[in-house]
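Me: I'd like to learn how to read a model like this one, feature by feature. Could you walk me through it?

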2 protein chains.
Amino acid sequence: MIYPESLEKLINYYKKLPGIGEKNAERLALATLNFKEEDINKFSDALKEVKNKIRPCSICGYLSENDICEICENKRRNHNLICVTEDYKSAVSFEKAGNFNGVYHILNGLISPADNIGPENINLASLVKRVSDLDKPELILALKSTVEGETTTLYIKKIFEKKDVMISRLSYGIPMGAEIDYLDIITLDKALEDRKKISE
Amino acid sequence: MIYPESLEKLINYYKKLPGIGEKNAERLALATLNFKEEDINKFSDALKEVKNKIRPCSICGYLSENDICEICENKRRNHNLICVTEDYKSAVSFEKAGNFNGVYHILNGLISPADNIGPENINLASLVKRVSDLDKPELILALKSTVEGETTTLYIKKIFEKKDVMISRLSYGIPMGAEIDYLDIITLDKALEDRKKISE
């Protein structure tokens, strides 16, 4: 063994993190050795704390330290405008972009018959319940454009078909700043199909 | 705040690690959330354990959980052959290469007058003491070829000049597999100067 046992152990835990290979895990573990004792104790405590404290918001499924997350608690947000996402990571991206003033509903998955994931396996029942309490809500379906994403989008559209719910999806098109000649043809086709009139 | 407080805290600790930026720290913290509780507790404990257990070997300065490291304790290694390195990372590299059967002496720095680091600020006194107890030892100076490395090499050479100590340094030359036309001219000059006769 090249490293003492306790160090090997730490290297192995760093290796469990995404994108951290053998070399990098070694580097991180050795860097940890140079942390001040106080910092390493706080780091160690932070790890446990996160696991103990963070839970999904009981309304929307976003990350929270309380039963209801800060977004759902925020009275200045539009609670009639619900952005439906596959996971909390998408919601984090919208929060970072910073211009969305509605709330979220995190499905925690997408319908995927091939993987035996049906509508009952994702957070859809809670969405239906939530929406039924609202007056003329709008649902923005922010799901990816894969088979699973499209299936889920269609399914949700169908659930609310005869109810007074406005449903939209994100626009497809050319990413801002992208070179058109490097774009895949499906995106290009979509951008053409969904073209937007700009003349008067 | 986009993330709950405890998660922000963990992100900040990940950010203290080398090569881990904002985005990556977020990714690691979110991945940590998905760890099993048991794993996160062990990870957390491993961090504290490493800081508490690992110390420099009192003979050579290599990483150890005991007063004397496994390398210095190993009777099958040649304790008359000492490889002198700047830090334990170099020693780790030799251990990984796996063909060195001697022991190490880790200086924990290099002489650098510009930074006010003199011979008394690195682990040199212990090397002198160590060598004086040995019979016809060999010192391999495995220091980098910077001004500081060369200064330290020359200084050590001088200390042992009139004693019965063989001193060598690593060879300079072309790295294995390197393209000659991409090499820097100093390395190329050295490789020419240190050329090795291969005819009978």
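Me: In what order do the elements of chain A run from the N terminus on?
Reply: Elements here are DSSP runs, helices being H or I of at least four residues and strands E of at least two, numbered from the N terminus. Chain A reads α-α-α-β-β-α-β-α-β-α-β-α-β-α, which comprises eight helices and six strands. Keep in mind that this is a predicted model, where local features need pLDDT of at least 70, side-chain atom pairs count only at pLDDT 80 or more, and totals for chains, interfaces and linings use all residues. Residues are numbered from 1 along each chain as its sequence is written, while chains are lettered from A and ligands numbered from 1 in the order in which they are written.

Me: What radius of gyration does chain A have, and what would a compact globule of 200 residues have?
Reply: The radius is taken over C-alpha atoms, and the globule rule is 2.2 Å times the number of residues to the power 0.38. For 200 residues a compact globule would be near 16 Å, but chain A has 22 Å. Its C-alpha trace spans about 70 × 45 × 40 Å along the principal axes.

Me: How many of the residues of chain A count as buried?
Reply: Burial is a neighbour count: with C-beta atoms placed from the backbone, a residue is buried if 20 or more others lie within 10 Å of its own, exposed if 12 or fewer, and partly exposed in between. In chain A, 30% of the 200 residues are buried.

Me: How do α1(A) and α2(A) cross?
Reply: Axes are lines fitted to C-alpha atoms, for helices over the stretch in contact, and angles run from 0 to 180 degrees between N-to-C directions. The axes of α1 (residues 5–15) and α2 (residues 22–33) of chain A come within 8 Å and cross at roughly 125°. That angle makes the pair oblique, the class left over once under 35 degrees is roughly parallel, over 145 roughly antiparallel and 65 to 115 roughly perpendicular.

Me: Which residues of these two helices meet?
Reply: Two residues are in contact if their C-beta atoms, placed from the backbone, lie within 7 Å. From α1(A) come A:L7, A:L10, A:I11, A:Y14 and A:K15, and they meet A:E22, A:A25, A:E26, A:L28, A:A29 and A:T32 of α2(A). By class, this contact has seven nonpolar, one polar and three charged residues. Here Ala, Val, Leu, Ile, Met, Phe, Trp, Tyr, Cys and Pro are nonpolar, Asp, Glu, Lys and Arg are charged, and the others, Gly among them, are polar.

Me: How many residues does each chain bring to the contact between chains A and B?
Reply: Chain A and chain B bring 37 residues each. On the side of chain A, α3(A) gives the most, with 13 residues. That side divides into 20 nonpolar, five polar and twelve charged residues.

Me: Which value of phi does A:N116 have, and where does this residue lie?
Reply: Phi of A:N116 is near 60°, a positive value in a residue other than glycine. A:N116 lies in the loop between β4 (103–106) and α6 (125–132) of chain A, and counts as exposed because it has 7 C-beta neighbours inside 10 Å. In chain B, phi of B:N108 is also near 60°. B:N108 has 14 such neighbours inside 10 Å, so it counts as partly exposed.

Me: And which residues does B:G173 touch?
Reply: Leaving out residues up to four places away in sequence, B:G173 touches B:K190, B:A191 and B:D194. B:G173 sits in the loop between β6 (166–169) and α8 (185–193) of chain B.
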